Number of protein chains: 2
Amino acid sequence: MALSYTVLGAGAMGLRFGVLLQELTGVKVDFVDNWQPQVDTIKEQGGVYVSRDHENRHLVPVNIYAPEEYHGDPDVLIVFAKQMTLQDLLERSSHFFAPDHQYVFSGMNGMGHIEKINQYFPKENVIGGTCLIGTVLNKAGDVDFIGKAGAGSINLAPQSGRVDDPRVQEIVADFEKANIHCNLTDNFYGTLLTKVVFNSVINTICTLFEIQMGQFIKSPAAEKLGKQLINEAYDVVERAGIQLLSTREEEWETIHYVSAVSNPLHYPSMYQDMSKNRPTEVDYINGYLYDLGQKYGYQADTHNFLRNLVHLAESTRQQRGHGE
Amino acid sequence: MALSYTVLGAGAMGLRFGVLLQELTGVKVDFVDNWQPQVDTIKEQGGVYVSRDHENRHLVPVNIYAPEEYHGDPDVLIVFAKQMTLQDLLERSSHFFAPDHQYVFSGMNGMGHIEKINQYFPKENVIGGTCLIGTVLNKAGDVDFIGKAGAGSINLAPQSGRVDDPRVQEIVADFEKANIHCNLTDNFYGTLLTKVVFNSVINTICTLFEIQMGQFIKSPAAEKLGKQLINEAYDVVERAGIQLLSTREEEWETIHYVSAVSNPLHYPSMYQDMSKNRPTEVDYINGYLYDLGQKYGYQADTHNFLRNLVHLAESTRQQRGHGE
């Protein structure tokens, strides 16, 4: 029998996963969000406006609910909140959680969400992921899928490490039908942290300067900055006994390639928060690496400094009155 | 007999010192500069336009020369170049240097200038200084003295440590007559480096974000950023055996007071370079502290990271096409 899905956090990425599953896999998908303007707008419109690379904007009917309104019992929850609002979203949704049979997949940026999800769901039911997919929410009820259909991919890592779990394999099969290409791995923390390290460099620095990835990589200072952050992050992660997916040198090569070749015109997702005068997720990226280092007596001072520079930029941006 | 002065580097601060000495002390002052538009403009105008706090703009006749044109033999050289152009200025001026009897005073920001000056002058003839005086060059031949007459002060430190040197005392007397208030000290490196540490925080960060000092200090992140940089700088300077003029805590209090109370609307001098698309002096401030630490096996990584962030900002600013 087909699985049913509920997307928790119907922002850019949540809408992308849910709409593709609904359209291409034919499964039942509901959406739940704690951002009331999103819920209200989509209800009023009778769906969400979807574009692909700024073109072919069309209305896709979707079922959306505020957490308190929802009483479904999906087989799988797909969680794509911002780290700062996740706790609120989980608390307000907990009445429909059924940890005895529901699985949870989350592909959120940063770290910290797994601990929060584990307050409600055992690790056997949790799948972490990292997404190499760009999606932009233009405004409430209006989303833009960046990149050609089928381009981009995700890593999935069951928290149990059990890649042979039949339910995990069903979910992967549904994602593949939805044109979301999956790489399944048993290295849970290594997979998630590899993306954290990537984001701690490119996402954070591009946000700090409000620049595109191509503008970053063109500077002669980029390699020095990137390698200093990578080295410090790897020093932390090695002390925590976590095996990342690439070496330090490979990690820099990836950042270089993605910035110079794949996505030079891309503004990372954290930039979207900064440019809309919202707080960024930097505490869950560079801040997470700093905190993890602290546990092992290691001072990841550069990550901490960069995190505080982003907070300074948030503050000065507000003082200048750049609001939405 | 009255001393004669030649200002080497007739930018904002060089013009301020020279014009005040000429007007208030009545001594002979010549100006030499390696920035040809400055020399040409002042010659054409028959002098330099001087304002005070944006008001009372008037022409002050001054003698200005390109280095090769000049053949005077002053008693004292006042050096106020940018760190990046100092070597060129010294080389092109060396034909009129007379290290057997000429003294040199320099109040430049950053570090590195003393080593270059010592290639031509023995330490017995060199006086370092730090200036708590804001001055802006609006354009070639047009300078604005910020702050009321007699406000602000300078620290002077003979490189020999000999504050009782009669020539040093003559110079101090001339500066005092020129309404430039002097604090004479025998702690040469401590005096210079105390200003470097100050600038490594406030000057560099305000330049990075192109913000006023008051905007910096209002952010809750300011104290964390400032103290991290101060601690690292003090770790370096202590290893080098140099005694700064204040404790770590006092240094932060000074930065806080100057930013919040004395000069909240001030854009530090390095900002003036960034905003005019010129390279900044960050390598001679944060970069100097990093290099000094390296000599003693200490990694001042935060200063190095911040230095490279400024270079990234220089580079992205150019890519965006913010020129003069």
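This is a predicted model: local features need pLDDT of at least 70, side-chain atom pairs count only at pLDDT 80 or more; totals for chains, interfaces and linings use all residues.

Me: Why is A:Q272 called buried?

Reply: Buried means under 20% relative accessible area. A:Q272 has 16% relative accessibility, so A:Q272 counts as buried. The residue is found in helix α10 of chain A, residues 269-275.

Me: What does A:Q272 touch, not counting residues up to four places away in sequence?

Reply: A:Q272 touches A:T135, A:V136, A:L137, A:Y267 and A:R278. Contact means heavy atoms within 4.5 Å.

Me: What makes A:V126 buried?

Reply: The relative accessible area of A:V126 is 1%, and the limit for a buried residue is under 20%. A:V126 is therefore buried. A:V126 lies in strand β8 of chain A. Not counting residues up to four places away in sequence, A:V126 touches A:V104, A:I114, A:I117, A:N118, A:F121, A:P158 and A:Q159.

Me: How far apart are the C-alpha atoms of A:V126 and A:V196?

Reply: They are separated by 18 Å, and the two residues are 70 residues apart along the chain.

Me: Why is the pair A:E69 and A:K43 called a salt bridge?

Reply: A salt bridge requires a side-chain nitrogen of Lys or Arg within 4 Å of a carboxyl oxygen of Asp or Glu. The closest N and O atoms of A:E69 and A:K43 are 2.7 Å apart, and the pair therefore meets the definition. This pair links distant parts of the chain, 26 residues apart: A:E69 is in the loop between β5 and β6 of chain A, and A:K43 is in helix α2 of chain A.

Me: What makes A:D283 and A:R307 a salt bridge, and is each residue buried or partly exposed?

Reply: Their closest N and O atoms are 2.8 Å apart, and the limit is 4 Å, so the pair is a salt bridge. A:D283 is in the loop between α10 and α11 of chain A, and A:R307 is in helix α12 of chain A, 24 residues apart. A:D283 is partly exposed, with a relative accessible area of 31%, whereas A:R307 is buried at 12%.

Me: How do you know that B:R307 and B:D291 meet in a salt bridge?

Reply: The N to O distance is 3.9 Å, and the definition asks for a distance within 4 Å, so the pair qualifies. B:R307 lies in helix α12 of chain B and B:D291 in helix α11 of chain B, so the pair ties together parts that are 16 residues apart in sequence. B:R307 is buried, with a relative accessible area of 13%, while B:D291 is partly exposed at 40%.

Me: How many salt bridges does a search of the whole structure find?

Reply: The search finds 32 salt bridges over all chains.

Me: How is chain A divided into domains?

Reply: The domain assignment gives domain 1 (5-186) and domain 2 (190-322). Their centres, taken over C-alpha atoms, are separated by 24 Å. The contact takes 23 residues from domain 1 of chain A and 17 residues from domain 2 of chain A.

Me: What area do the two domains of chain A bury between them?

Reply: They bury about 1700 Å², with 59% of it on carbon and sulfur atoms. A:M84, A:N109 and A:M111 supply 38% of the area that domain 1 buries against domain 2, more than any other three residues. Across this interface of chain A there is 1 salt bridge, and there are 7 residue pairs in polar contact.

Me: How many residues does each chain bring to the contact between chain B and chain A?

Reply: The contact takes 30 residues from chain B and 30 residues from chain A. The area buried between them is about 2600 Å², of which carbon and sulfur atoms give 67%. B:F209, B:F305 and B:L312 supply 26% of the area that chain B buries against chain A, more than any other three residues.

Me: How many salt bridges and residue pairs in polar contact are there between chain B and chain A?

Reply: The count is 0 salt bridges, and 2 residue pairs are in polar contact. The largest share of the side of chain B that touches chain A, 14 residues, comes from α12(B).

Methods
Residues are numbered from 1 along each chain as its sequence is written. Chains are lettered from A and ligands numbered from 1 in the order in which they are written. Side-chain values use heavy atoms; hydrogens and water are left out. Helices (H or I, at least four residues) and strands (E, at least two) are DSSP runs, numbered from the N terminus. Buried means under 20% relative accessible area, exposed over 50%, partly exposed in between (1.4 Å probe, protein chains only). Buried area is the accessible area (1.4 Å probe) that two parts lose on being put together, summed over both. A polar contact is a pair of N or O atoms within 3.5 Å; within protein, one must be able to donate a hydrogen and the other to accept it, and residues adjacent in sequence count only if both atoms are side-chain atoms. Domain bounds come from an automatic or database domain assignment.
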